[in-house]
Amino acid sequence: MNVLFYVVFVVFIFYGQRIQMMVMLREVEGSLHRLKYIKEEGRKVAGETIKEIGKAQSDPAARIDRFLEYFTIGPQGLDPAGIVWKLEHILDVRDTRFKDEVKLMAPAADETQTNNLENTLEAAMALNYIYKVIRHFYLLGKKTHSLYVIMQIQMILPLVMKEAEAFANALKAFAYGQPIGDGAGALVAAKLMHGHETRKIAKDCVVATVPFEGRTAFVVKAEGPGGNVGRPGDAIKAVIDENDGNVAMVVMIDAALKLEGEELGEVAEGVGAAIGGPGVDQFKIEESLVKYHIPINAVIVKEDVGDAVSPLRKEIFDSVDRVIERVKQVVLDRTKEGDKVVIAGIGNTIGVGQ
Amino acid sequence: MTLFLVLVLSLAALIYGISILETYPDIAYIVLLFGFLGTAIAVYALVQIRMRLSKLRIVVPPVTTTIECKKCSFKNVREFQRGDYIFKELEPCQKCNDKMMITAIYREVKEKEKERFPY
């Protein structure tokens, strides 16, 4: 027994790190196995949906595979002046290219279905990318026998897996056109504008003029029910310009990531432009606000990254009425009767009409 | 395959160890130790594989659509169907013949009782 103890002791002295690396590699390998399954599932769901909705004459598999490898190169930032417009241009080209590809894959799809298919493919693309990055570090760690290469991926693995699971859930939601957690802001705007006439204000965005607590509210949201975030930056700018800057306040509503321990669907209030994405829309909104010195308020609905891209949860749906009450309070407290306010519901409007 | 072989050999070692326990106790203890270790490792690995396979499936949560009549408040809740969206107008109401509308689409998640923490 003593000999056995010494043997184990010596083995752990010389091979301890190697054993630790093997355990980590095995853990990463297990997750990689699951990621591969999820990625394949994503590809399958996208292919089936395209075949079902788009009624493509030829097999779209090859085109889907090409789409999954699609990349976007961001603008050069050495001279940052004007970078936003360069980024906007690249994103526009990307968007047009994606829509064209989807139309080629699914010629029979209408606009709503095209948007949903685009979102489905984007989720499949994200899964493909996550899988490839994890595989890269796994193979690199195996090749170099470096504990530190493996360690950095093993440490963030739980968060990466959480994101991958979220995208896996999102796939089905996008394929079926179900509302998602990110659409909380769009749902609030839809509730406010429902029953009022809407008009197109910017690309993929609508606005409705709604009487609101003695004020005139211009309610803005992405045009639903297809999967779409619209151009809220252009829409808010257009509304402000139409009114020559005579707007007393802008209120933005969006879903925001919650911290662990916070309740799902919790509503919070603050100031600033509540909008995610690459930053182009936020920049445009802030530019317009500064030009006319318009105050901006934000109301957010807190949710997990998984809930943001998976089918809308009841807790988030129930929070919509609370958000409306909060917006009312903000408008009543900070504007006068007869004022004009802009209320913008930000987020993906999939499964939400107007 | 290897796991099953380890399991079979470990079980055989356990049986053999028990059979020689009275005649050769010193050898029997070592054989029993290896038998127990082998069985434990094989069972653990098999359970892990089973758990990993069950984890592989992507569970699609059930999503419900609520349809309401604004006039008589008649409510109908059914499973989500492709093409449903919030504020979509549907067939006339069974009671008052007014148009019905989808007022809610969501999924309900029954969460396990939350761990209590003092913060």
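**Close-up views of a predicted two-chain model**

**View 1. The loop that holds Pro225(A).** Pro225(A) is placed in the loop that links S3 and H7 of chain A. As in every view below, the coordinates belong to a predicted model. The peptide bond that leads from Gly224(A) into Pro225(A) is cis, and its omega is near 10 degrees.

**View 2. The loop that holds His145(A).** His145(A) is found in the loop between H4 and H5 of chain A. Although His145(A) is not a glycine, its phi is positive, at about 55 degrees.

**View 3. The seven-stranded sheet of chain A.** Seven strands of chain A form an open sheet in the order S1-S2-S3-S7-S4-S6-S5, with mixed pairing. Strand S1 (198-202) and strand S5 (267-271) of chain A are the edge strands, and each of them pairs on one side only. From one strand to the next, the twist averages 30 degrees.

**View 4. The pairing of S2(A) with S3(A), and the helices on the sheet.** Eight bridges connect strand S2 (residues 205-212) of chain A with strand S3 (residues 215-222) of chain A, and the pairing is antiparallel. Phe212(A) has Arg215(A) in S3(A) as its bridge partner. Helix H7 (residues 232-242) of chain A lies across S1, S2, S3, strand S4 (249-257) and strand S7 (340-345) of chain A, and it runs at about 105 degrees to S1(A). H10(A) also packs on the sheet, where it touches S2, S3, S4, S5, strand S6 (296-303) and S7 of chain A. The direction of H10(A) makes about 165 degrees with that of S6(A).

**View 5. The packing of H1(A) against H5(A).** The axes of H1(A) and H5(A) are 9 Å apart, and the two helices pack at an angle of about 20 degrees. Angles under 35 degrees count as roughly parallel, so H1(A) is roughly parallel to H5(A). The crossing of H1(A) and H5(A) is left-handed. The contact of H1(A) with H5(A) comprises 17 nonpolar, six polar and three charged residues.

**View 6. The packing of H1(A) against H4(A).** H1(A) and H4(A) cross at roughly 160 degrees, and their axes come within 9 Å. Angles over 145 degrees count as roughly antiparallel; H1(A) and H4(A) are therefore roughly antiparallel to each other. The crossing of H1(A) and H4(A) is left-handed. In the contact of H1(A) with H4(A), 18 residues are nonpolar, seven are polar and six are charged.

**View 7. The contact between the two domains of chain A.** The domain assignment divides chain A into domain 1 (2-176) and domain 2 (181-345). The centres of these domains, taken over C-alpha atoms, are separated by 31 Å. Domain 1 of chain A supplies 19 residues to the contact, and domain 2 of chain A supplies twelve residues. On the side of domain 1 that touches domain 2, the elements that give two or more residues are helix H3 (83-105), helix H4 (111-144) and H5 of chain A. H5(A) gives the most to this side, with nine residues. By class, the residues on this side of domain 1 are eight nonpolar, five polar and six charged.

**View 8. The contact between chain A and chain B.** In this contact, 26 residues of chain A meet 20 residues of chain B. Helix H1 (2-54), helix H5 (147-176), helix H6 (184-193) and helix H10 (314-334) of chain A are the elements that give two or more residues to the side of chain A that touches chain B. H1(A) gives the most to this side, with five residues. The residues on this side of chain A comprise twelve nonpolar, nine polar and five charged.

**View 9. The four-stranded sheet of chain B.** Four strands of chain B form an open sheet in the order S2-S1-S4-S3, with antiparallel pairing. Strand S2 (75-79) and strand S3 (89-92) of chain B stand at the edges, each with a single partner strand, so one side of each has no neighbour in the sheet. The twist averages 35 degrees from one strand to the next. S3(B) is joined by three bridges to strand S4 (residues 99-107) of chain B, and these two strands run antiparallel. Opposite Leu90(B) stands Met100(B) in S4(B).

How values were computed
Residues are numbered from 1 along each chain as its sequence is written. Chains are lettered from A and ligands numbered from 1 in the order in which they are written. This is a predicted model: local features need pLDDT of at least 70, side-chain atom pairs count only at pLDDT 80 or more; totals for chains, interfaces and linings use all residues. Two residues are in contact if their C-beta atoms, placed from the backbone, lie within 7 Å. Ala, Val, Leu, Ile, Met, Phe, Trp, Tyr, Cys and Pro count as nonpolar, Asp, Glu, Lys and Arg as charged, and the others, Gly among them, as polar. Axes are lines fitted to C-alpha atoms, for helices over the stretch in contact, and angles run from 0 to 180 degrees between N-to-C directions. Angles under 35 degrees count as roughly parallel, over 145 as roughly antiparallel, 65 to 115 as roughly perpendicular and the rest as oblique. A crossing is left-handed if the near helix is turned anticlockwise from the far one by less than a right angle, and right-handed if clockwise. Two strands pair if DSSP finds at least two bridges between them. Domain bounds come from an automatic or database domain assignment.
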